[in-house]
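Welcome! Take a look at the sequence and the 3D view, then try each exercise before reading its solution.

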Amino acid sequence: MAVHWTREQRYRRLDTVDPKEYDELVEHVANAPWRQKYHVQPLAGLLNDPNGFSWFNGQYHLFYQWFPLGPAHGLKYWYHTVSDDLVTFENKGIALSPDTAYDSHGVYSGSALQAGDDLMLFYTGNTRDDKWLRTPYQCMAQMNKDGEFSKWELPVITGVPEGYTQELRDPKLWNENGTYYCVIGAQRDNMTGAALLYRSADLHAWEFIGEVQTDHTDFGYMWECPDLFTVDGTDILVFSPLGLKPEGLSRSNLFHAGYLSGTFDVDTGAFNHEPFQELDYGFDFYAPQTMEGPDGERILIAWMAIPQLPYPTDKDGWANCMTLPRVLTVEDGQLKQRLPKSWDKPEEDASHWQGEIGRQPELLPFGGDCYELQAKLSDVTAREMHIDLRVREMEYSRITYNSETQTLVFDRMHSGEPVNASEGHTRTVTLSRPLERLRILVDISSVEIFVNDGDTVMTSRIFPGEDSTGIRIQAAEGTAELEFHHWPLDGIAFKEERVLDKEPKTT
Ligand code: FRU
């Protein structure tokens with residue numbers, strides 16, 4: 001598991017390793033349990049943040065942080081995938097390797113934006129000295145239409161501004177009225193987190209404007225992966241603050257990802273905003289990044305894990321996957337997150353079940369380990385209602401709706417192989433209106449629950465047995481009318497043929 005990896009093991013570059021070692025790992029991982037069917041996942045090793053999520057040359061491009069050699073946060077690469085529809089992704093190989101003096105200890109997170117004919121990749125080069133002290137560089141690379149990558153020779157931002165520590169990383173780039181801007185995650189000298197704002201006319205020379213000025217002058221010890229954009233006239237700052245404490249039913253995870261919404265002044269950095277809100281209420285969601293789609297829509301994707309936590313797949317040499325992409329809108333002042341339209345499926349392809357449920361548990365006539373399930377709820381007199389997924393004997397992953405408290409709970413206590421039990425077994429979200437609809441996406445080892453047409457989302461990994469495939473429903477203290485549509489999703493396999501741009505070679 002991650003914690004047992006020595007520094008030497010974690011900082012081996014792929015091209016210095018015997019190719020047999022990597023081949024064997026890839027082969028082992030391909031046959032390991034809990035491999036997802038339609039989520040982006042690594043061929044081997046550890047995947048973390050989405051990077052460079054963008055639309056370029058007629059396709060979606062999604063890169064991710066990758067350590068190829070095991071389930072540890074080691075030497076990071078950018079791995080490249082593409083998609084025509086945000087449903088099926090295809091592996092393209094390594095995009096950026098940690099092979100220069102400015103990224104010797106990791107090609108860290110960053111973003112992408114088309115400029116001229118090329119896709120510009122703006123990332124943090126992580127370096128460490130003999131005493132293992134960090135110096136970050138903000139570096140630029142580009143990809144042409146043939147998919148060839150080249151790094152710029154020198155970083156475009158060197159060092160950190162006065163008043164901040166060396167924890168400066170994850171530039172998110174955008175263009176507004178012909179000027180380039182970026183926000184970068186930072187830590188103040190007093191060990192509090194912030195996002196810094198820069199501007200540039202040409203991507204080469206960057207001017208530090210100042211902090212994004214929020215009300216949060218003491219809100220966690222570091223802000224990772226900031227992202228600033230406008231949706232339906234509302235400005236939104238997404239970021240992943242490290243070090244927040246739990247608050248009531250929210251912020252129950254070890255680390256958090258959320259947003260501030262309001263009005264942002266790009267000339268001064270002033271941000272007038274509503275209180276911080278989490279983007280997801282499940283167990284496993286971090287480091288989200290957004291992009292602007294071809295029709296101007298704002299699409300978000302995130303890492304389906306929490307930093308520093310182990311996962312049951314570690315023992316097989318791989319860890320983590322992406323969430324599904326979500327389209328963001330702001331409606332009546334509320335942020336909505338829905339699956340892209342390409343995820344819509346014809347109703348006539350679905351299996352259907354409708355009926356009244358009460359105390360007697362009912363097994364639905366369909367199920368599986370890889371499907372979409374839509375539920376419609378009406379005439380609820382029941383105080384509580386359960387939908388159990390991945391059911392077999394004592395195993396199940398439970399969604400509970402309480403109509404009195406208007407809360408939705410996801411419980412993975414009985415989901416199968418325990419996962420981070422010390423972090424608790426349930427996550428709860430309070431709904432802004434009674435539950436009417438659920439859209440549930442089940443893959444081999446995950447559950448994503450979209451509540452009430454995008455009002456809120458709960459994303460979690462689960463590690464059930466292969467034969468845990470039932471769907472069971474039940475109500476307590478009353479009844480409810482339920483209607484289900486079910487589509488198997490085995491057909492949209494992630495194209496994960498092994499692809500590396502440079503085959504590892506022994507030195
Ligand atoms: C967030 C993060 C980023 C960093 C990257 C390194 O998970 O810590 O801040 O750039 O991961 O992999």
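## Exercise 1: The ligand and its shell

The residues around the ligand are Asn48, Asp49, Gln65, Lys76, Tyr108, Ser109, Arg169, Asp170, Glu224, Tyr286 and Trp303; a residue is near a molecule if one of its heavy atoms lies within 4 Å of it. This is a predicted model, where local features need pLDDT of at least 70, side-chain atom pairs count only at pLDDT 80 or more, and totals for chains, interfaces and linings use all residues. Residues are numbered from 1 along each chain as its sequence is written, and side-chain values use heavy atoms, with hydrogens and water left out.

**Task.** Describe how the ligand is held in view of its polar neighbours, its cover and the classes of its shell residues.

**Solution.** 

Step 1. A polar side-chain atom of Asp49 is 2.7 Å from an oxygen atom of the ligand. For Gln65, an N or O atom of the side chain lies 2.6 Å from a ligand oxygen atom. Arg169 also has a polar side-chain atom 2.7 Å from an oxygen atom of the ligand.

Step 2. Turn to the cover. On its own, the ligand has 320 Å² of accessible area, and the protein covers 91% of this (areas come from the Shrake-Rupley method with a 1.4 Å probe; for residues, only the protein chains shown count as cover).

Step 3. Find the elements that contribute. β1 (45-56), β5 (107-115) and β10 (169-176) are the elements that give two or more residues to the shell. Strands here are DSSP runs (E, at least two residues), numbered from the N terminus.

Step 4. Sort the shell by class: 3 residues are nonpolar, 3 are polar and 5 are charged. In this sorting, Ala, Val, Leu, Ile, Met, Phe, Trp, Tyr, Cys and Pro count as nonpolar, Asp, Glu, Lys and Arg as charged, and the others, Gly among them, as polar.

## Exercise 2: Strand β7 and its partners

**Task.** Which strands pair with β7, among them β6, and what surrounds Arg134?

**Solution.** 

Step 1. Look at β7 (residues 134-143) itself: 8 of its 10 residues are buried, so the strand is mostly covered.

Step 2. List partners; two strands pair if DSSP finds at least two bridges between them. Strand β6 (residues 118-128) runs antiparallel to β7 and is joined to it by 10 bridges, with Thr127 facing its bridge partner Thr135 in β7. Strand β8 (residues 149-151) pairs with β7 in the antiparallel sense over 3 bridges, and Ala141 has Lys151 as its bridge partner in β8. Strand β9 (residues 157-158) is joined to β7 by 2 bridges, again antiparallel; here Gln138 stands opposite Ile157.

Step 3. Inspect the turns. The hairpin of β6 and β7 has 5 residues between the strands, and Trp132 takes a positive phi near 65 degrees. The hairpin of β7 and β8 also has 5 residues between its strands, with Gly147 in the turn at a positive phi of about 80 degrees.

Step 4. Zoom in on Arg134, which lies in β7. Arg134 counts as buried because its relative accessibility is 15%. Its side chain makes a polar contact of 2.7 Å with that of Asn126 and one of 3.2 Å with that of Glu167. A polar contact is a pair of N or O atoms within 3.5 Å; within protein, one must be able to donate a hydrogen and the other to accept it, and residues adjacent in sequence count only if both atoms are side-chain atoms.

Conventions:
Helix = DSSP H or I, 4+ residues; strand = E, 2+ residues; numbered from the N terminus. Buried < 20%, exposed > 50% of the residue type's maximum accessible area, 1.4 Å probe, protein only.
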